[in-house]
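Trainee: I have a model open on my screen and I'd like to learn how to read it. Could you walk me through some of its features?

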Amino acid sequence: MSTNAILTRSLSRSFGAVQALSQVSFEVPQSIVFGYLGPNGSGKTTTIRLLLGLLEPDAGEAEVLGYNTRTQAQEIRENCGALLEHTGLYERMSAMENLDFYARVWHLPAAERAQRIQSLLGDLGLWERRDEKVGGWSRGMKQKLAVARALLHRPRLLFLDEPTAGLDPVAAAALREDLAALVEQQGVTVFLTTHNLSEAERLCARVAVIDRGRLLAVGSPDELRSRQGGQRLEIHGRGINDEVIDSLRQRPEVARAARENQHLLVDLNENSESAAIVSYLVQAGVEIEEVRKGKASLEEAFLTLLEDEK
Ligand SMILES: Nc1ncnc2c1ncn2[C@@H]1O[C@H](COP(=O)(O)OP(=O)(O)OP(=O)(O)O)[C@@H](O)[C@H]1O
């Protein structure tokens, strides 16, 4: 059996003239959170549907928990949980009734059912509210319950399509913590899509970036940030005008220069030194108060990858 939770080889799928996925190959090790990042319509949901065996690929192969997606879709669905576009919850039923219904669908024995539901609702902080109808709940609470639903049958791999979309920052952070705990304490693998790059940076051990059906990069958030090349400078001071920024952009050391809030951000090309930029700015009449050095964020690395692709 494969040691990877997921493995794809040249996976491709089109819908009419639209090539939704083109020769995508990646691996997801077990017991990590893997982030699948890409703009709208880039092929993320199509990938999840292919991995769950809900769609047939036109070409290529995929294995999920060692099972082939073409021939063993049933085994895959038995061992995976999924939270896709819809929560799958019944609004007129209570949290307890919802989970009990799904536990029966999964044929959990009665004694285990009660115990499993109590433990999941307890872990997600919903036990006290178990008898309330879900229709009156906030989006964050419903989302948590939907995660509990997806976990009922103790899946080894969980697919989540934008799990924190529409949640307030506190609810999103709480759900992230729950997911991290699930991976750490129970060894579950989580495959999630998100448009929130800082969330991916915090939560995911590895990420893949996809655009127009093609895989642009796979690695840890740190690796992707480093691939961005040189250093980033955040320069605070007076006299940073458009003319200075334009002339800075002409310099060979500079990959990108832009004003952000009250300061100037300069991305250097690989192996370029910050000292040359600082003395250039001084000569151009800028009064520098502070220079901070750092690396680009995952969001910037993501945007650069997409720009380079164009
Ligand atoms: N069932 C379908 N029929 C026709 N076209 C489809 C179908 N499913 C997906 N597509 C097309 O395939 C491409 C990829 O769609 P997909 O839903 O996988 O993107 P996504 O990355 O999940 O987007 P989003 O972030 O907006 O959810 C899009 O151009 C989409 O219109």
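Predicted model: local features only at pLDDT ≥ 70, side-chain atom pairs only at ≥ 80, totals over all residues.

Trainee: How do β12 and β13 pair, and over how many bridges?

Mentor: The general idea comes first. Strands of a sheet pair through backbone hydrogen bonds, either parallel or antiparallel. In this case, β12 (residues 254–260) and β13 run antiparallel, joined by 6 bridges. To find your place, look at V254, which stands opposite L268 in β13.

Trainee: What else does β13 pair with?

Mentor: Strand β11 (residues 232–238) is joined to β13 (residues 263–268) by 4 bridges, again antiparallel. Here R232 faces D267 of β13. β11 also runs antiparallel to β14 (residues 287–294), with 7 bridges between them. On that side, L233 has K293 of β14 as its bridge partner.

Trainee: Let's go to the start of the chain. In what order do the strands of the 4-stranded open sheet come?

Mentor: The order is β2-β1-β4-β5, and the pairing is antiparallel. At the edges sit β2 (18–29) and β5 (67–68), each of which pairs on one side only. As for β1 (residues 4–15) and β4 (residues 59–64), they share 5 bridges in the antiparallel sense. You can check that pairing at L7, which lies opposite E63 in β4.

Trainee: And where do side chains point in a strand?

Mentor: In a regular strand the side chains alternate between the two faces of the sheet.

Trainee: Now a helix. Which residues of α3 are buried?

Mentor: A residue counts as buried when 20 or more other C-beta atoms lie within 10 Å of its own. In α3 (residues 95–105), that applies to A95, N98, L99, Y102 and A103. These residues cover an arc of only 130° around the axis, so they are on the same side of α3.

Trainee: What covers the buried residues of α3?

Mentor: The cover includes α4 (110–123) and α5 (139–151).

Trainee: At what angle do α3 and α4 cross?

Mentor: Their axes come within 10 Å and cross at roughly 130°. That angle makes α3 oblique to α4. The contact involves A95, M96, L99, D100 and A103 from α3, together with R113, R116, I117, L120 and L121 from α4. As for handedness, the crossing of α3 and α4 is right-handed.

Trainee: What follows α3?

Mentor: H107 does, and its phi is positive, near 60°.

Trainee: How about a loop residue such as G166: buried or exposed?

Mentor: First find G166 in the loop between β7 (157–161) and α6 (169–186). G166 has 10 other C-beta atoms within 10 Å, so it is exposed.

Trainee: Can we zoom out? How many helices and strands does the chain have?

Mentor: There are 11 helices and 14 strands. The C-alpha atoms fill a box of roughly 75 × 45 × 35 Å along the principal axes. Of the chain's 310 residues, 35% count as buried.

Trainee: And what share of the contacts comes from residues 24 or more positions apart?

Mentor: Among contacts with a separation of 6 or more, those residues account for 70%.

Key: Residues numbered from 1 in each chain as written. Buried ≥ 20, exposed ≤ 12 C-beta atoms within 10 Å, placed from the backbone. Helix = DSSP H or I, 4+ residues; strand = E, 2+ residues; numbered from the N terminus. Arc of directions from axis to C-beta. Contact = placed C-beta atoms within 7 Å. Pairing = 2+ DSSP bridges. Axes fitted to C-alpha atoms, helices over the stretch in contact; angles between N-to-C directions. Parallel < 35°, antiparallel > 145°, perpendicular 65-115°, else oblique. Left-handed = near helix turned anticlockwise from the far one by under 90°.
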